[in-house]
Amino acid sequence: MIPRFVESSIAGLPAMDLILDEEVKGRLFLKNDLLSPQKYILEKVVDPRYRIISPLQVHGNVILTDGPSLPDRPEGDGILLTKGDTVASIQVADCFPVLISSGAGTPWRLALHSGFKGTIENIVASGLEIARVKLNVDTKNSFAWIGPGIGPCCYGRKLDDPWTQKAMKTIGYKFFSVDGNVVFFDLPCLICHQLMELGIPSENIVSCPDCTSCREDKFFSYRKGWQKERMVLLTYF
Ligand SMILES: [Zn+2]
């Protein structure tokens, strides 16, 4: 089975489908002209019988499992779905949406918001640990989609920033480069490395090659001035 991204359009909105073979495992709604994209998407796209889990994202590594659902919005940056009739919603603009899914067999999904802090703190590992404890998941037979998010071409941080310093001490040299007083981080490469360290084979991982900041025409980019707008990742089974 091969994971891939396929451009699509849902309810008149530009989207990317996260596909495994021919099955849609998740959908990312891209840049659009709506004032409240998530509200519109949840109303237009999601079956009203479904529960929706949409945490307040705080750049941490708390994972919610199967709830609580709207209108409750506890803090969290990851959602593990083990039940049907439930939708997980993660919002991003430069930060990386990451979807991890079962292949064949009992379905489950793990949707993550892996921004700079979440990636440095390895939210992928936090999510997969909970999936392992609750479901005994086999990472060798799991699949992952990374991005789109801000690439190493554009994601520079001040060298003297405490989080930049922490990151440089935590991660390997191949995931950042220093140019004067700016450090450029390769977050998609680091997320891919984290997934492989946890046992997901490289051929089961796909990373979107586009940078959200370079491709402002297509994506919302926080650093390009889209402070409130977010792209929305939905997954369910
Ligand atoms: Zn870029």
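Start by selecting strand β8 (residues 96-102), which contributes the most residues, 3, to the lining of the largest cavity; strands (E, at least two residues) and helices (H or I, at least four) are DSSP runs numbered from the N terminus. The model is predicted, so local features need pLDDT of at least 70 and side-chain atom pairs count only at pLDDT 80 or more, while totals for chains, interfaces and linings use all residues. Residues are numbered from 1 along each chain as its sequence is written, and side-chain values use heavy atoms, with hydrogens and water left out.

**The cavity**

On a 1 Å grid over the protein atoms alone, a cavity is a set of points where a 1.4 Å probe fits but cannot get out, and lining residues have an atom within 4 Å of a point. The space inside is about 40 Å³, taken as the volume filled by probe spheres set on the points, which are joined across faces, edges and corners. The whole structure has 1 cavity of 30 Å³ or more.

**The strands**

Next select β2 (residues 13-20) and β3 (residues 23-29), which pair in the antiparallel sense over 6 bridges; pairing requires at least two DSSP bridges. Ile19 has Val24 in β3 as its bridge partner. The two strands form a hairpin with 2 residues between them, and Asp21 in the turn has a positive phi of about 55°. Then show β15: β3 pairs with β15, also antiparallel, over 3 bridges, and Phe29 stands opposite Val232.

**The zinc site**

Move to the zinc ion and show Cys153, Cys154, Cys211 and Cys214, whose SG atoms coordinate the ion at 2.2 to 2.3 Å. Donors are N, O and S atoms within 2.8 Å of the metal (3.2 Å for Na, K and Ca). The 4 donor atoms subtend angles of 104 to 115°, so the arrangement is tetrahedral (four donors, all angles between 85 and 135 degrees). Cys154, in the loop between β10 (142-146) and β11 (156-158), and Cys214, in the loop between β14 (205-207) and β15 (231-235), are 60 residues apart. Cys154 is partly exposed at 24% relative accessible area, and Cys214 is partly exposed at 47%; the class lies between buried (under 20%) and exposed (over 50%), with a 1.4 Å probe and protein chains only.

**The pocket**

Finish with His59, Cys95, His113, Tyr222 and Arg230, which lie nearest the centre of the largest pocket among its 26 lining residues. A pocket is an open set of points with protein on both sides within 12 Å along at least five of seven lines. This one holds about 640 Å³ of space.

Technical notes. Four donors count as tetrahedral if all angles lie between 85 and 135 degrees; four count as square planar and six as octahedral if opposite donors are over 155 degrees apart and all others between 65 and 115; anything else is irregular.
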